[in-house]
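Here is a short briefing on one protein model. Please look over the sequence and the fold before reading on.

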Amino acid sequence: MSVKHTPMTKLSAFFSLGLALYFAVAISAQAADKVLDSAPESGASKETMFQAGKSYIFRASDRLVDTVSGKSDELINRAMEVIGVRYRWDTELPQSGLDGSSFVGYVFKDKLGFLLPRKSTQMSRVGKPVNREELQPGDLVFFNTMRLTFSHVGIYVGDNKFIHSPSKGASVRLDDLNSLYWDKRFDGARRLDGSDNLSDTERQELLKEVKNLKRKSRSL
């Protein structure tokens, strides 16, 4: 007996697919901010969330991370627009919430079409290292928040400020690198210059994920 696919069935299938997301990789790494949260509050209609999520997926490209030179203003402006989105672990669209690394990945993908690895530990191998005194807007800044190196990541915006999604019960916000908490946990920074230390296998897995999700999304 054939099954009738209702709009709600398609909507449910889409969100199951969206939460997996195209740039998730099966790489063994410690989850940076592994904290479960309660279900998100419904602030928008299901149809609006469906359209926003599908639009996001269709903007996905098969480019790996590129240089942000000359594009930092666009990047920072997009990051600022996400301020106030609640923290939620292991979701990667603002409609559901964003954790530390998924916030960074979302901003770079949504605004610039750059593909970053899913975990902050993996992001720490993208681009080139820069000293704290040399930070520029658009650089990634890393912190040791769980007694693990590179367990949290944010985007530097200038004037010793960075934007990030910090933890359960909080939301995307600006913080000061010189504050006592973040200063003692600062773990380094990376500038995206088109280079990375990812293995060929990791790189191909990233490309495979986005291509598979784009193909499946067209059938929804």
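The points below cover the sheet, the helices packed on it, a surface patch and the salt bridges.

This is a predicted model. Its sheet is open and has six strands, in the order β3-β8-β4-β5-β6-β7. Helices α3 (residues 72-81) and α4 (residues 100-112) lie across parts of this sheet. A search of the whole structure gives eight salt bridges.

**The sheet**

- Pairing in the six-stranded sheet is antiparallel.
- The edges are held by β3 (126-130) and β7 (173-176). Each has a single partner strand, so one side of each lacks a neighbour in the sheet.
- From one strand to the next, the twist averages 40°.

- At one edge, β3 joins β8 through four bridges, in the antiparallel sense. Pro 129 has Arg 190 in β8 as its bridge partner.
- Strands β4 and β8 also run antiparallel, and four bridges join them. Here Leu 140 stands opposite Arg 190 in β8.
- Phe 162 stands opposite Asp 175 in β7.

**Helices on the sheet**

- Helix α3 lies across β5 (152-158), β6 and β7. It runs at about 120° to β5.
- Helix α4 lies across β4 (140-143), β5, β6 and β8 (186-196). Its angle to β5 is about 50°.
- Strands β5 and β6 lie under α3 and also under α4.

**A nonpolar surface patch**

- Met 80, Ile 83 and Leu 174 make a nonpolar surface patch of about 230 Å².
- Ile 83 sits in the loop between α3 and β1 (92-93). Its relative accessible area is 39%, so Ile 83 counts as partly exposed.

- Arg 78 and Glu 81 meet through their side chains in a salt bridge, 2.8 Å from N to O.
- Both residues lie in helix α3, three residues apart, or about one turn of the helix.
- Glu 81, at 56%, counts as exposed.

**Salt bridges between elements**

- Asp 139 and Arg 191 form a side-chain salt bridge of 2.9 Å, N to O. Asp 139 lies in the loop between β3 and β4, and Arg 191 in strand β8, so the pair ties together parts that are 52 residues apart in sequence. Both Asp 139 and Arg 191 are buried.
- Asp 176 and Lys 161 meet in a salt bridge of 3.6 Å, N to O. Asp 176 belongs to strand β7 and Lys 161 to strand β6, so this contact ties together parts that are 15 residues apart in sequence.
- Asp 176 is partly exposed, at 26% relative accessibility. Lys 161 is also partly exposed, with a relative accessible area of 29%.

**A salt-bridge network**

Notes:
Residues are numbered from 1 along each chain as its sequence is written. This is a predicted model: local features need pLDDT of at least 70, side-chain atom pairs count only at pLDDT 80 or more; totals for chains, interfaces and linings use all residues. Side-chain values use heavy atoms; hydrogens and water are left out. Two strands pair if DSSP finds at least two bridges between them. Helices (H or I, at least four residues) and strands (E, at least two) are DSSP runs, numbered from the N terminus. Axes are lines fitted to C-alpha atoms, for helices over the stretch in contact, and angles run from 0 to 180 degrees between N-to-C directions. Contact means heavy atoms within 4.5 Å. Patches are made of residues with over 30% relative accessible area and no salt bridge: like charges are joined within 9 Å, nonpolar side chains (Val, Leu, Ile, Met, Phe, Trp, Tyr) within 5 Å. Accessible areas come from the Shrake-Rupley method with a 1.4 Å probe; for residues, only the protein chains shown count as cover. A salt bridge is a side-chain nitrogen of Lys or Arg within 4 Å of a carboxyl oxygen of Asp or Glu. Buried means under 20% relative accessible area, exposed over 50%, partly exposed in between (1.4 Å probe, protein chains only).
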